[in-house]
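Could you read them alongside the coordinates?

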Amino acid sequence: MKPKKHFSIPFDEGTKAKLEIFRKYFKEWLPVFISSHKNTYWKTIFIYDFFSGEGKDSNGNYGSPLVILDVLNEYKDLVEKTKVKIKVILNEYNYDTLEILQTNINDFDYNRDKIEVKLYNKSFNEFFNEIHPLMQTNPEIPRLMFLDQFGIKEITEEIFQKLTALDRTDFIFFISSSFVRRFNEQTEFSTYIKINKKEFDGKKPFHCHRVIFDYYKSLINNNYRLAPFSIKKGINIYGLIFGSKNTYGLEKFLKVGWNINPHTGDANFNIDEEKIIQGQLSFFDEDNTVKKIALLHRKLERNIFEKKENKMYNLYVETLEFGCLPKHCNEYLRKMEKEKRIEITGNLISDKIHTFANQKDFEIKIL
């Protein structure tokens, strides 16, 4: 009954924020994989929405299935020109909800010659485990997955491990972070997510999604890239966790986050209680510096002057893993260069760091 109630009333601001992040990232992701007309690596892309719902709320605001089609319409020219097949996979477990979704899809105007939409009526676990072997067999195919679960129980450790083992697959999944913090010791919660109460001790309630993010990050034993985004809905904190094997994917998701929140990039509210007021300086220097960027600068300081890291690409990756953008790294490097503490070989870049991975002459020299 939860999904039915969810769509029978207007989406709240938290839901709208979640959908807007998905929309913005999809707009960043899509052109990368359909722009090339001579692509030899893949002939098809997949967009999966595993918990689709009805497609829109009572006010006609688009849910994730119609967001997908709406973005594809925004890229109408690219969609018409591309030789890449576009497949949209929508799954909804509740059959009554699925019928409403089918009607909303049928009523929606999109290029049916270029976009194939398939609807399924299965539980998430059954459906994912059914198609997972096919994903492993075809690792070259680009995939974007939106996993908007109700609660926490669907993205288990086993599912998470399978997701992060997939090549050329980006995902965004939703989790009820405040409920994990509140009920993590109850059996029905600890069965799905193994976080102890002590992990939250000493942490502010609105930082609970960061704790959960650290838990998922601890499950990774490869170079898979993750990033969090906290969403405040009333007194509760929910969150998104983004995953990609590629630094370019991580960079694009962080770009979306920093465009929403120019202070921390990982929340739709003042998560670090920043005191910065645009155009107004405080008497205290610490109030005039964004805490997260200040912490990044300290991290870069240690890496360069203590650990003797001199490869720009490695510093950029560290910056992304910290949840910041290349431009935030560059701010620090230019300051150090101006103070004549370092010398930089090569030009600093603001994006697409993956293209610099093999540039051995792009280095930093300590003076």
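Before the angles: an axis here is a line fitted to C-alpha atoms, for helices over the stretch in contact, and angles run from 0 to 180 degrees between N-to-C directions. Bear in mind that this is a predicted model.

1. Start with α3 (residues 64-74) and α5 (residues 95-107), whose axes lie 10 Å apart at an angle of about 15 degrees. Angles under 35 degrees count as roughly parallel, so α3 and α5 are roughly parallel to each other.

2. As for handedness, the crossing of α3 past α5 is right-handed. On the α3 side the contact uses Pro65, Leu66 and Leu69, and on the α5 side Leu101, Asn104 and Ile105. Sorted by class, this contact has 5 nonpolar residues, 1 polar and no charged ones.

3. Now move along to α12 (residues 291-305) and α13 (residues 312-321). This pair packs at about 150 degrees, with the axes 11 Å apart. Since anything over 145 degrees counts as roughly antiparallel, α12 is roughly antiparallel to α13.

4. Which way does α12 pass α13, in a left-handed or a right-handed crossing? The crossing is right-handed. Leu296, Lys299, Leu300, Asn303 and Ile304 of α12 make the contact with Leu315, Glu318 and Thr319 of α13.

5. For the α3 with α5 contact, remember, the tally has no charged residues.

Terms used: Residues numbered from 1 in each chain as written. Predicted model: local features only at pLDDT ≥ 70, side-chain atom pairs only at ≥ 80, totals over all residues. Heavy atoms only, no water. Helix = DSSP H or I, 4+ residues; strand = E, 2+ residues; numbered from the N terminus. Parallel < 35°, antiparallel > 145°, perpendicular 65-115°, else oblique. Left-handed = near helix turned anticlockwise from the far one by under 90°. Contact = heavy atoms within 4.5 Å. Nonpolar A, V, L, I, M, F, W, Y, C, P; charged D, E, K, R; others polar.
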